[in-house]
Amino acid sequence: ITMNVLVGVTAPLLWTTQNDYVGRCAYYAAREVAKSPESIAEATSDMTAQFNALFFTIFQFAGLIGTAGTSVILLALSGHTEVKNVLFLVLAAAACMGGATFLFLPEVSSGGDAPTPPSVKDTAVL
């Protein structure tokens, strides 16, 4: 139950952050590809669609890899009594590596008219 509560609290923050990060990347990519200042809005829409498609492709593929990896571990170690402990350690290591990737993402400044980026305090107020 504790982990369900933790997921329920952190998942909205991750989805909001992902949306903001992809949006910022799409904005700057659109500025690079736009042929004129008037076409930035259309280019931003196209880039947002492309970046979101890429994100969700990776997201769904990660679910496939996790399920397949779990099946391989459970089938390979089906006769052992410690199979659940091994599986838990492998999945915990994968989760830690996935979380650590956020440390290596470059910072993308907010574009447009936003004076300051939203903070965790702003999100908590919601």
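The points below go from the confidence of the model to the chain as a whole, then to one helix and two side chains.

1. Confidence. This is a predicted model, and the protein chain has an average pLDDT of 84, with 88% of the residues scoring at least 70. Among the elements of the chain, H2 has the highest mean pLDDT, at 90, whereas helix H4, which covers residues 120-125, has the lowest, at 67. Where pLDDT is low, the predicted coordinates should not be read in detail.

2. Overall make-up. The protein chain contains 4 helices and 0 strands, so that the order of elements from the N terminus reads α-α-α-α. Of the contacts with a separation of 6 or more, 52% are between residues 24 or more positions apart.

3. Burial and surface. Of the 126 residues in the protein chain, 12% are buried.

4. Course of helix H1. This helix runs over residues 2-33, and its 32 residues reach 46 Å from the first C-alpha to the last, which is close to the 46 Å expected at 1.5 Å a residue.

5. Packing of helix H1. Which residues of H1 are buried? They are Gln18, Val22, Arg24, Ala26, Ala29 and Ala30, and the buried residues of this helix pack against helix H2, which spans residues 40-76.

6. Arg24. This residue lies in helix H1, and it counts as buried because its relative accessibility is 14%, which falls under the 20% cut-off. The side chain of Arg24 reaches the backbone oxygen of Val108 at 2.7 Å, a distance that is within the 3.5 Å limit for a polar contact.

7. Ser39. In the loop between H1 and H2 lies Ser39, whose relative accessible area of 21% makes it partly exposed. The side chain of Ser39 reaches the backbone oxygen of Ser36 at 2.9 Å.

Technical notes:
Residues numbered from 1 in each chain as written. Predicted model: local features only at pLDDT ≥ 70, side-chain atom pairs only at ≥ 80, totals over all residues. Heavy atoms only, no water. Expected span 1.5 Å × (residues − 1). Buried < 20%, exposed > 50% of the residue type's maximum accessible area, 1.4 Å probe, protein only. Contact = heavy atoms within 4.5 Å. pLDDT = per-residue confidence, 0-100. Polar contact = N/O pair within 3.5 Å; in protein donor to acceptor, adjacent residues only side chain to side chain.
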